[in-house]
Amino acid sequence: MAFDSLTEKLQNVFKNLRSKGSLTESDVKAALKEVKMALLEADVNFKVVKNFIKTVQERAIGQDVMNSLTPGQMVIKIVNDELVNLMGDETTEISLKPGSEITVILMCGLQGAGKTTTTAKLAGKFKQKGKKPLLVACDIYRPAAIEQLQVNGEKQGVPVFSMGSGHKPLNIAKAAIEHAEKNGFNIVILDTAGRLHIDEDMMTELVEIKENIDVHQSILVVDAMTGQDAVNVAEMFNNKIGIDGVILTKLDGDTRGGAALSIRAVTGRPILYVGMGEKLSDLEQFHPDRMASRILG
Ligand code: GDP
């Protein structure tokens, strides 16, 4: 399970805190040092950890905490609050255009991150909400990717617009939007090509789409299992093309948690959903407060 090791370590620190009737400043500092180690071991970004501990410490070493009846409990609550803060405080919904206007969503990410699967998962969510999504196969480099989107679209009961591999992604996207206008679709989701590593061609292609089409939301799909790399990828995509939010996949795996805890703080962009498995129903909305509770165990 994700976060197991982090949860276990934090619970040990908290058990010690709770067992003490009163707390001295050095008790708090010692406990926070352990929290710091646990977060670093969970692969949370170093700067994020540093700021986090500083904030918690400033709040925890105060008269009202030290003099309270349950100081340990108060410190634990501060850690919880700040974890929620770190992940963005509130749940972020994907922004949609008002009324019958078509919302274009650009899905991007590195190959293998789970982009195509997630794109189909997301289309299913929109369909459940009564929207009419259209999936668009813009990955012209891997015929298997087009086929995969078609298979997944069919499973979700969501049509897939494809022009094969002989057209530029921008032109496919334009044609898809026209198709959506004519056929009453109100959400157009572009599944773009992923590469094994970030490269200029990939970015140029995405920038070209964004410059020529009214993309309302750009969503990056990253693999939680890759830890800090996921955070670096998010930062790079955000700098190059600008992203509105992130979907973190494979949180059902044995991930240490670093990506979930760092992405918002590093990029300023929220996590929107998390992938919890390979099935097309395994996509959950991301709630910072619930995630913090899960991490704290
Ligand atoms: P893409 O190259 O980014 O389009 O990646 P795919 O959508 O093809 O996914 C790559 C692999 O990751 C596939 O085997 C997916 O089933 C798997 N995958 C995607 N999302 C998740 C997830 O949330 N959990 C798990 N366990 N596997 C996932």
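Predicted model: local features only at pLDDT ≥ 70, side-chain atom pairs only at ≥ 80, totals over all residues.
## Helices α6 and α7

Two packed helices are described by the angle between their axes and the distance between the axes. For helix α6, which covers residues 115-128, and helix α7, which covers residues 143-156, the angle is about 25 degrees and the axes lie 9 Å apart. Because angles under 35 degrees count as roughly parallel, α6 is described as roughly parallel to α7. The crossing in which α6 passes α7 is right-handed.

On the α6 side, the contact is made by T116, T117, T119, A120, K121, G124 and K127, while α7 contributes A145, Q148, L149, N152 and Q156. Sorted by class, the residues of this contact of α6 with α7 comprise 3 nonpolar, 7 polar and 2 charged.

## The second largest pocket

Helix α6 also takes part in the second largest pocket, where it provides the largest share of the lining, namely 3 residues. The volume of this second largest pocket is about 200 Å³.

Its lining is formed by G112, A113, G114, T117, T118, K121, T249, K250, D252, G277 and E278. Of these lining residues, 1 is nonpolar, 6 are polar and 4 are charged. Two residues of the lining, T117 and K121, are also among those through which α6 touches α7.

## The largest pocket

The largest pocket holds about 230 Å³ of space. It is lined by 16 residues, and those closest to its centre are L110, L196, T226, D229 and V233. By class, the lining of the largest pocket divides into 9 nonpolar, 5 polar and 2 charged residues.

Strand β5, at 217-223, and helix α10, at 228-240, each give at least two residues to the lining of the largest pocket. The largest share, 5 residues, is supplied by α10.

## Helices α10 and α11

Besides lining the largest pocket, α10 packs with helix α11, which covers residues 258-267, and the axes of the two come within 9 Å and cross at roughly 25 degrees. That angle makes α10 roughly parallel to α11, and α10 passes α11 in a crossing that is right-handed.

In this contact, A230, V231, A234, E235 and N238 of α10 meet A259, S262, I263, V266 and T267 of α11. The contact of α10 with α11 contains 6 nonpolar, 3 polar and 1 charged residues.

Definitions and conventions. Residues numbered from 1 in each chain as written. Heavy atoms only, no water. Axes fitted to C-alpha atoms, helices over the stretch in contact; angles between N-to-C directions. Helix = DSSP H or I, 4+ residues; strand = E, 2+ residues; numbered from the N terminus. Parallel < 35°, antiparallel > 145°, perpendicular 65-115°, else oblique. Left-handed = near helix turned anticlockwise from the far one by under 90°. Contact = heavy atoms within 4.5 Å. Nonpolar A, V, L, I, M, F, W, Y, C, P; charged D, E, K, R; others polar. 1 Å grid on protein atoms, 1.4 Å probe; cavity = no way out; pocket = protein on both sides within 12 Å on 5 of 7 lines; lining within 4 Å. Points joined across faces, edges and corners; volume = space filled by probe spheres on them.
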